[in-house]
Amino acid sequence: MAATPDVTDAETRLETLVDTADRIRNAIESVIEGKSDVIRLTVTVLLAEGHLLIEDVPGVGKTMLAKALARSIDCPVRRVQFTPDLLPSDITGVSAYNQQTGEFEFKPGPVFANIVVGDEINRASPKTQSALLECMEERQVTVDGETYRLESPFMVIATQNPIEMEGTYALPEAQRDRFTAKIAMGYPEPAAELEMLDVHGASQPLDKLDPVATTAEVRALIEAIRAVYVSQPVKRYAIDVVAATRNSPDLLLGASPRATLHLVRSARAHAALSGRDYVIPDDLQDLAVPVLAHRLLPSMEAQGQHRRPEQVIDELVRRVPVPDIK
Amino acid sequence: MRLPIAAGLATAAVSLTLYPLFEGGSWFWASMGAIVVTAAIGMGASRLAAPPWAAPPAMVLALGVYLTAAFTGSKAWIGFIPTKDSVMLLGELLGSGFDDIQRFAPPVPANTGITLLTAGGVGLMAVLVDLFTVRLRRAALAGLPLLALFTVPAAVLTDPISWPAFVIGAFGYIGLLVADGRERLGKWGRAVFVRRTRAVTTDAAPDTGRLALSGRRIGVTAIGLAVLLPALLPNLAPAPLFSFGVGNGLGPGGGNIGIPDAIAELGGELRQEANNTVLTYTSSDDQPRYLRIYSLDVFDGTKWTVNPLRGRPEDRVSEGPLPPAPGLDPATAVKRAETHIAISDDIRTLRFLPLPYPATQVAADGDWRADRNSLMVFSTDDEAAGLDYRVVTGEPQPTPEQLDLAAPEPGSSGRRYLDLPPGLDPRVAGLAQRVTEGATTPYQQAVKLQEWFTKSGAFTYSLKASGSGGDALSQFILTDRSGYCEQFASAMAVMARMLGIPAKVSIGFTGGTKIGDKWTVRTHDAHAWPELYFAGVGWLRFEPTPGGGAGQGTAQVPQYTLPVTPTASPSPGASPGASAGADDATGDSGPAPRNPREIDRDLGGVPIVADPGMPLLVKIAIGVAAALLILLIPAAVRLSARYRRRRAMDRPAATGPDPDGVLAVSGGTPSRTAPAVSADPPARGASAVEAAWAELCDMLIDFGRARRPGESPRALGRRVAETLSADPGTIASITAITSAEERRRYARTVDGPAPAAADLRRVRRTLAAAASRKRRLGAALAPLSTLLRLRALGEKALDGFDRLENIRLVAGRSRGGTGDAADDTAGNRAVTVRDVQGNGSSRERSLTGSRS
């Protein structure tokens, strides 16, 4: 562990954290213009030890975002292009017979990296998807009875394309639940798009991107974020919000306890990125949609009214009273 | 099945209001027994599905049996079967009960007769209530017999019905309505509940405990308002809580009372064969005094009547001196005397006190009130019979010279004492002028008039004179010249009015006869006489009726009419014993300048409280001011809260230890466990932050920008700053408050920049500047934050009532459960049954009621 918890001055730690995170964010923003919210959320998920699902139409920069994040941190990055014929072993790695030594030797797959970019994850067969998802949750790989731990930080950034239906295997809700957050890139603003034309026309900005943080630094950040204080009322509030999704008549399936965990964990990161060493309900409110929405199934009525889970969560968050002390 | 019980309970609850009518409680248990019997029969009839018409007769029969058993058991066969003897005895008891009720004023002794009467009455009411509620299914109509029961004490007693009695009675009736509503719904299916929606939807299970029938809430609220509102509202009459009955609430500050046809009674009494003693009295100067009962001031052409009297509560004679005698100038010499009057027990109903005029103070038991204009003293619920009371009088002792100077000006309000109906015989007026010819002053006119009646007019005294109908008056004056005191008094008063002297007719008794050391007044001393008004001395008695053996035996011409006609003297034989010095003005106390303080001496040191006599306008002003003050209570509460919070903010933080251990820590190790002790004290106590935040929230509510439930402090600050488009200073102030509150709530430590009172002031200024004038006024005078808090209190109270309801219903669960099993096997109402099996819903089950 590079980060030592013997730092006594919490404020200094916090400043370091904000500083490092800002560097990463700036680095990514030099590649992707006008998406600071998305970038911030991405960094939040990274620091919350979570995984990110980016869902949007092709060409808005999903892969670019994943790559930029990976590139800005000086760490091993692997990219997997998911296709229907991709096998689980293509992700986890295989044990191959080494003729020289006469033994089976484990050849690590692309999952053995700090950041794994899974492109178009919904194109792979469910079997392959679940292989990746097991790694995401357990942070380990088991091949031929041997268990191999994955390194920290470990983050999967998966992208998927919502409009392409043929030849895709949509992630089941149980598997979507493993992702800490789902974000949509959205089209850039006209001004941002104009600037993108200028920048990308000349060169590939990704190539110019130099790492701004080391793995050890990121690990230290993650460690620092674990120390962010979550008061009892805020914990109760998180539970209230999640419980509200379970009771809402607009939702067939509410959020899982894992969702609560993810919500609070990412709220810690969110608070730390704001320079706070304590979580406030606003953190949870900001994160409720990206963290919860993809786990929910709208009821038939809500579907009939074209009410998306995002809207439902927005309304719920407005209704659940913010907690006071005691 | 519950309905007959509810009917019985309602009757029992309302019959509680009868309590103040009785002494002792036997009537209550007898009445409860009657109710139990009727309710039992009612339940039996319901259970056996007897036809509705059969139940009331059965109940009455059972009531009869019950009364027989309870009151005439010894005469009944095997204790309760009515026999001829027992029925006779019952009739006797009833008769004596009726007699007793006639005889006694409440509270009546609860003797056997009265108890029987009450129990029977309450029982019959119970039958009626049952008839309306259970048999006819018109529960609301059952309010009529209940109301009848309720009005008995209200009509009989002057004292207001106590509010607990009202509340119990009202709850009884509402319980009846609720039971009826349930029964009705039970026949149709499941009861429909009005659920008070809670803002939070995060409750894991639906909150069945808070379900409540909205009707019950309305009922509870209505009763609460009925009790509280009259108590809170400023009241012109000092009537506490409820003012039912005759003595209160009929007019502004007092009841009216009609007087009996005094004239007719007067004639009747004079013609009586028996000459019974009406009263006896002793007086401090041992002089006979005319005792006035009624003062009639309206003449309609045939008879004299009285304007409506007004006995205001503050004019109770027990409260202090009587109102001052009208027209009596304080400078006029008065002769004070104290008279002790004892009224016989056997007189007819008399609700007016015979008093010498003008009384200044009356000490009598009971609620006796004085009419301000006439100084008549009367009561709406006490009777004079048997009364023993003392009167202090201050009789004016005018000299003839003074009277000569006195103008008969009654003032503008006294014009009515000159009113005469049109159509009087003009010859009477002419005669009046002729008789008083030569008199230069009104006083001399009056004296001449009196002299004409008693002497020169050749009038004779006769009880056989025709009555006072039609033109009997002119006939008496012009032709007959024969009659008794009524005709004389009436004729003189009318003629005085014709001459422009205010006049009225008084009815009462003459001074009577001295027997032993007491003056005795008998039936034949009943008398009528005119009173004429002279400014400065007020109303003076004149005596046109001939006295002595050939006239009204004990009538006496007043002293002040004598000097002008020195030959006129009271009939020597009229007042045996004391008549010689009867009107001696130089009596023991003697004429003296009127000095109110000296009355004390006469009364032997009884303290006399001066009646301040607030005018109506002042009272209205006080009432309005009180109402305004009540309306301003929320504003005052708000102000005090603001002041309290400012104080909390100004308090130095070092003195107040933080209430929460977590907050007391600053910094510390970044581990997840609770940090250890901190070196720095918190910059400011959490209480200060809390106070600032509470004040900010209240301010926002007052100015219509209330915090929304899902809004965090930070979001609130952002919204307010945005919607106000506030200046940076205000934004900084808002942020200071919200971020401090945020830290207080969610951070490990509360330290950091603390909000100051100046921040609040700045925010308030900005809010006020952005608000409309109406809103600003509302924030100052009727702050919404306080009003909402009051409402929350009310809701809490209602929740409390709901909880009470739950207790009762849970107890009745098991019975409902057996019914469900039956239904289950029957295979119907599957939905309801499933509800019961799911936990927590059994309440609805039992609300569905019985299925008899």
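This short talk walks through a sheet in chain A and a pair of helices in chain B.

Hi everyone! What you see is a predicted model, where local features need pLDDT of at least 70, side-chain atom pairs count only at pLDDT 80 or more, and totals for chains, interfaces and linings use all residues. Residues are numbered from 1 along each chain as its sequence is written, while chains are lettered from A and ligands numbered from 1 in the order in which they are written.

Let's start with chain A. It has 14 helices and 13 strands; these are DSSP runs, with at least four residues of H or I for a helix and at least two of E for a strand, numbered from the N terminus.

Now, the sheet. Five strands form an open sheet in the order S3-S6-S9-S1-S10, with parallel pairing. Two strands pair if DSSP finds at least two bridges between them. Which strands stand at the edges? They are S3 (77-81) and S10 (181-183) of chain A, each with a single partner strand, so one side of each has no neighbour in the sheet. Further in, 4 bridges join S6 (residues 115-119) of chain A to S9 (residues 155-160) of chain A, and A:Gly118 stands opposite A:Ala158 in S9(A).

Over to chain B. The axes of H2 (residues 26-47) and H5 (residues 112-135) come within 8 Å and cross at roughly 30°. Axes here are lines fitted to C-alpha atoms over the stretch in contact (C-beta atoms, placed from the backbone, within 7 Å), with angles running from 0 to 180 degrees between N-to-C directions. That makes H2(B) roughly parallel to H5(B), the word for angles under 35 degrees.

Terms used
Angles under 35 degrees count as roughly parallel, over 145 as roughly antiparallel, 65 to 115 as roughly perpendicular and the rest as oblique.
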